[in-house]
Structures are given as structure tokens and as C-alpha cells.
Amino acid sequence: MSLPPWPAPKLPRRTGRAVLLLERMERLRAAQRALSAAKEELARGITIETGKPLTESQGEVAAVIAKIDFAIDDAREYLTDRNTAGGQHPALVRQCPLGPAGVIGPFNFPLHLGHGANVAYLLAGNPVIYKPSPFAANVAAHYGEVMAPHFPRDVFQVVQGSGDEGEELCLDPRVRAVCFTGSVRVGRTLAQKLAGDFSKSLALELGGNNALIVCADADLDNAARAAADGACLTAGQRCNATSRVIVEKKVAADFLPRFLAALQNYEPGDPLRAETRLGPLISAAAVERYEKLCDTLHGSWLLSGKVELFVAGKRGHYVRPAAIQRTDDSHADAEAFVPVVSVYLADDLDHAVRLHSATPFGLTASIFTRSEATFRRLGARLEVGNLYANLPTTFSPSTLPFGGWRDSGNGRPGGRGFIRFTTREQAVQFTGFEAQ
């Protein structure tokens, strides 16, 4: 795969830069209207290719449309040049484009996650090449057909391919910014291979092994529903999915029946039907990972897993939610990405923190308690980028930053504020001009 030659970024004078930003905003507004007109086709396309339930796909497209509003608000705050005190002489700080950006998207949110980076880079004046997951090639192509006409030629492009093509795009020296969403293994490989090109911006949104902590004073019904939702939305194929539930021993006997009942409400079904809450996994390889977990995790199974090849007369990669009570922390360094939940009983809240911290990931965590003091005290000890009280680990609203710590990423928010990483600052100081 070869990339077209890119012109060097132009840096017009300040008034011209403001005009260009306003023009880019208007182009995004036009693209937003086109996305709104195509929203039903896009949602259906996501479901057909990935198996995500239609209601979830509709929510994803709604988030895609809303993302443009948030990005434009962020652009007004972060992308404008600002005058500043420069000592003896006038000065300003400019926000300059990085250059061509490569965005690598995942299959589980094939439009939303890549789109957030696409819009931010475009608003900042960077051309974008978007490579979606091959599991969502058709709907991503449709998305590109909707978006591209609203920009000058080659400013926004969609390219297809496997991981090899994605890596080639990221490593191309003409690409000056990379946003990758995917596995820790691939993210770490990219970081190592790009280390020598230290001026290239790299944003990594990687995996998670997220825990929901149930304190003794929690609303157990609410906690059980949230844990089941976090484990089963998108069939567990979310970086912020609930993979672990840590519950204080003194309420475990009351919590566990509620949690298992909530899990069993997720029945595999045809993802195109409005009532379906649990669609198929993405591939046969994902089913193999599910089966391997069910075979190798040590503990007492609370809800046994099951693979179903046919649901509602349709063949697919369907599985049922599973839960196991465990004492060991094996597999803590791996992302499940299937609806299999490990349950741990904590002697007290200090023990709960130790159990939570057994994983190298740090994406999301939820604490269920009626006490704000308990939430603050416990939350201050959890190394995660996204912390919630009495909400699912999958909450993650577009109104807030979203990014992981530790092995979950390099802390660059995939939600609000990502636009801060789409430019480079230039300090300008001037004096000695003749009066005009």
C-alpha cells in the first residue's frame, strides 16, 4: 500500500487560521447532517457485520452524530491561537496541525471510536486516513462515502485491509499522528516500532480487565443489574466490559443470586430484532477464546457457559454468559472480551483494593456504595482512567474524557479533550515591525 504525497502543512496568519477553523467546523456540520440522514442504514450495517444488537448499533450511530457537537466545542476551547505575555515583546501561541493522521479502528465500535479521532484531527487541520476493522469493512466504507464529500479531495480517506496494512500505514514516515484502538500486544508493538520517530504522535486506546466492587452497604439490586449489563453488552466485547466482580463477603449470599438472575436475562438472539440484548461473538476465534476460558479458569462455576451455533434458526457465534467464583488471579493480565465474569469475595475493602490491583490494566472501575466517603476513600486507591460510583463499568459518556492508565493505554482521552493531542504548539514572539 502506498500513500499519496502530502503537501507540507501551511501556517497562514492568525486571521486566516481562524477563518480556516470556522470553515472546517461548517464542513463537519454538513457531514453531521449527512450522517443523520443515513443513521438507520449505518446502524443496520453495524449489526449485520458485527452482530451487535440493533439497539446498541443505533446508540453507536447517535453517539457518532453527537460527537461532532462535542468536538466543535472542544475546538473552540483548544484550537484558537492565544495572545500571551512574552516578556518585553508581544507574543502568541499557535496551534499548528501535526500532519497526516492514521486512525485504526476496532470492530466492536466500528464507527464511533475511529470517528472521534477522525473528527478531532480534521478540525485541527490534519488530513485523515481511516483504516477500519476488516470485520466492519462494508459499514466503514459507507461511513466514508457519507463523510468524504464534505472535505477537499483526499483530506478524508478510508482504506481497507488487515493488521499488516494497518501497521504499514502507522509506520509510514509521512503519517505524523497515529490513533490506534485495539489489543495491548499490537499497541506495544507499535510503540516500540515508532520509538525512533519520536516526533510522531501516538495515541493508544487498549484493553481492560475491569472490576465492579460491591461494598457491604451497596444497593444490591442495582449492583447486580450493572454488573450483568457491563458483562453482556456487545457480548462482552468492550474494552470497558465488567470482567471481574469483587463483593464483600458479608453480602455475597444476598448479592450472588441477584447477579446470576440478571445475567440469565441476557438470552442470545437475532441481533436485528429490537428485543435482542445479546448478539453473537464476532468470530470463531472469539468462540475459541470463550471455550478456553471456560476450560481453564479455576474455581467454582456459578453459571456454566454454553456455545450455541444456531439461534432463532440462524447460524452464528452465539454464547451464553458465564460466571465463576475464584480465589486466584491467573488470567488477570489478559483481556477476556467475552461474557465470562470472575467473581471474588473480599474480606474487607482493603482486600477489595488488592484484588482490583492484581491486573496490569487500568481502564474503568465501578464502586457500589451508599457512602460518598467510602467511594472517595476507595476510589483514590484505584489506578484507572475512568472511575464510577453506582454505575456500570461500561458507562463511559461522550461528555467526558475516556482513556486508560497502565497497560490500558497512554492516557490520551478518547472522549472529550482528545483534540488537545491533534496539534503542536508554536510560540511566536515579534518586534521591530514598521507601522502600517
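Two residues are in contact when their heavy atoms lie within 4.5 Å. Keep that in mind as you work through these exercises on a predicted model.

**Exercise 1. What covers the buried residues of α7?**

Step 1. Find helix α7, which runs over residues 184-194. Its buried residues are Val-184, Gly-187, Leu-190 and Leu-194.

Step 2. Look down the axis of α7: the buried residues fall within an arc of 125°, so they line one face of the helix.

Step 3. Now go back to the buried residues and look for their cover. It includes helix α6 (163-171) along with the strands β6 (177-181), β7 (201-205) and β15 (361-362).

**Exercise 2. How many helices and strands does the protein have, and why can it be called as compact as a globular protein of its length?**

Step 1. Count the elements: there are 12 helices and 19 strands.

Step 2. Compare two values. The radius of gyration is 23 Å, close to the 22 Å that the globule rule gives for 436 residues, so the protein is as compact as a globular protein of that length.

**Exercise 3. What share of the residues is buried?**

Step 1. Take a residue as buried when its relative accessible area is under 20%.

Step 2. By that cut-off, 53% of the 436 residues are buried.

How values were computed:
Residues numbered from 1 in each chain as written. Predicted model: local features only at pLDDT ≥ 70, side-chain atom pairs only at ≥ 80, totals over all residues. Heavy atoms only, no water. Helix = DSSP H or I, 4+ residues; strand = E, 2+ residues; numbered from the N terminus. Rg over C-alpha atoms; globule rule 2.2 N^0.38 Å. Buried < 20%, exposed > 50% of the residue type's maximum accessible area, 1.4 Å probe, protein only. Arc of directions from axis to C-beta.
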